Amino acid sequence: MKDYLSPLAQGLKPSGIRRFFDLVSSRKDVITLGVGEPDFVTPWHVREAAVYSLESGKTQYTSNSGMPELREAIGQYLSDSFDVAYEPSNEILVTVGGSEAIDLALRALISPGDEILVPEPCYISYSPITSLTGGVPVGIETFAQDQFKLKAEALQAVITPRSKLLILCYPSNPTGGIMTYEDWLPIAKVVEDNDLIVISDEIYAELTYGSRHVSFASLPGMKDRTILVSGFSKAFAMTGWRMGYACGHPDLISAMLKIHQYTVMCAPIMAQYAALEALTNGLQEKDRMVESYNQRRRLVVKGFRDIGLECHEPQGAFYAFPSIASTGLKSEEFAERLLEEAGVAAVPGNVFGKGGEGHLRCSYATSVSQLTEALNRIGKFVDTLKKG
């Protein structure tokens, strides 16, 4: 039956993360630091809003763009939190997770052969989705000594006449790196000078430590060039609800909306009511979760450094990205042996693209007791490598 598959589908590589975690399913007593998912349960009042919507018979389609009151709430939230204003009627689209928003943006913008610039290490889906649309992903390596920040000179160096889009993800999955206003200014100049469009994946925007997130869309002249993508999965502990959104120029959102209409129609109404409740009455709980992540972040970074593994300090998201280069092992070998010999699952850094080799992605969105035990096991494993 493979002969019936399209060349694009046949050439698509399986997720490096999923391949690795297939190994985990066969093990018991494994501590998992690999899944990018909060360990918090969605707050009760948010769940109750969805239940109440069902009890009230709210089971119909909504507007393709999403419920007007939810789009209003998203617009107000972005204005209050990140100083970027969008018109709910034609600049905000509610999607089935942030992933759908990214897919819609790429499909709406890419023509075959367009080059899509992606700072790496990065979220693993950007390049495969680009390839499925006929675009050509072009990686831009970032480095631990720069806190994995994107540098203007590195961006400029990969631009060609076929460059069209720049995909950004800060705070970063997998590195936890962030970009400040001063970091963004030279990037914005390169974007403007080269007439690029930007997809800014800001799903971890709320998860910053010691500083406020700076949206790329808030930079002078960048709002109309930027499709801001975010959602409720990470900061509001709503991964399974699949609630996201995209914001941008009406022409861009209108094109994405047409694709959205023909593919999923609209996001589920019950999840939309839950998201509305999260924005209306859930901000204090969101802040408490962020503070808990911050405590775990400090524990994990110190733990890796005490073990002897260099680890830059992540200032966003909920991932540490320690270097395992000192052990002499490649990322996949280290991760597989760590699982088999120590019962700790983490993601090998090479699956995240350029600059990921020699690192390990470890999520600290799990309990302090689990993190403490995981660090203890990793320390013993590294000691064994040194002796062996």
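Some ground rules come before the tour. Residue numbers start from 1 along each chain as its sequence is written. Because the model is predicted, local features need pLDDT of at least 70 and side-chain atom pairs count only at pLDDT 80 or more, totals for chains, interfaces and linings use all residues, and side-chain values use heavy atoms, with hydrogens and water left out.

## Cavities

Let's start with the holes. A cavity here is a set of points, on a 1 Å grid over the protein atoms alone, where a 1.4 Å probe fits but cannot get out, and its lining residues have an atom within 4 Å of a point. Grid points are joined across faces, edges and corners, and the volume is the space filled by probe spheres set on the points. Counted this way, there are four cavities of 30 Å³ or more.

The largest cavity has a volume of about 100 Å³. Its lining takes in 15 residues, and Pro119, Pro121, Cys169, Tyr170 and Ser172 are the ones nearest the centre. Strands β3 (115–120) and β5 (163–169) each put at least two residues into that lining; helices (H or I, at least four residues) and strands (E, at least two) are DSSP runs, numbered from the N terminus. Sorted by class, the lining of the largest cavity holds ten nonpolar, four polar and one charged residues. For those classes, Ala, Val, Leu, Ile, Met, Phe, Trp, Tyr, Cys and Pro count as nonpolar, Asp, Glu, Lys and Arg as charged, and the others, Gly among them, as polar.

The second largest cavity holds about 40 Å³ of space. Among the residues lining it are Leu33, Val300, Phe304, Ser363 and Ile378. Helix α11 (283–307), strand β12 and helix α13 (368–387) each supply at least two lining residues, with α13 giving the largest share, four residues.

## Ser363, beside the second cavity

Ser363 is worth a stop, as one of the residues that line the second largest cavity. It belongs to strand β12 (residues 360–363). Is Ser363 buried or exposed? Ser363 counts as buried, because its relative accessibility is 3%, and buried means under 20% relative accessible area, exposed over 50%, partly exposed in between (1.4 Å probe, protein chains only).

Leaving out residues up to four places away in sequence, Ser363 touches Leu33, Val35, Phe318, Tyr319 and Leu371, where contact means heavy atoms within 4.5 Å.

## Salt bridges

Side chains of opposite charge can pair when their charged atoms come close. A salt bridge here is a side-chain nitrogen of Lys or Arg within 4 Å of a carboxyl oxygen of Asp or Glu. The whole structure has 14 salt bridges. Here are some of them.

| Pair | N to O distance |
|---|---|
| Arg107 and Asp103 | 3.1 Å |
| Asp193 and Lys189 | 2.7 Å |
| Arg297 and Glu313 | 2.9 Å |

The Arg297–Glu313 pair links Arg297 in helix α11 to Glu313 in the loop between α11 and β9 (319–320), so it ties together parts that are 16 residues apart in sequence. Arg297 is buried at 6% relative accessibility, whereas Glu313 is partly exposed at 38%. Elsewhere, salt bridges with shared partners join Asp29, Glu373 and Arg377 into one network.

Arg107 and Asp103 both lie in helix α5 (residues 97–109), four residues apart, about one turn of the helix. Arg107 is partly exposed, with a relative accessible area of 38%. Asp193 and Lys189 are also about one helical turn apart, because four residues separate them in helix α8 (residues 181–193). Both ends are exposed: Asp193 at 52% relative accessibility and Lys189 at 51%.

## Val191, in the same helix α8

Val191 is also in helix α8. With a relative accessible area of 0%, Val191 is buried. Which residues does Val191 touch, not counting residues up to four places away in sequence? They are Leu166, Leu196, Val198, Phe216, Met222 and Arg225. Glu341 lies 150 residues from Val191 along the chain, and their C-alpha atoms are separated by 47 Å.

Notes. 1 Å grid on protein atoms, 1.4 Å probe; cavity = no way out; pocket = protein on both sides within 12 Å on 5 of 7 lines; lining within 4 Å.
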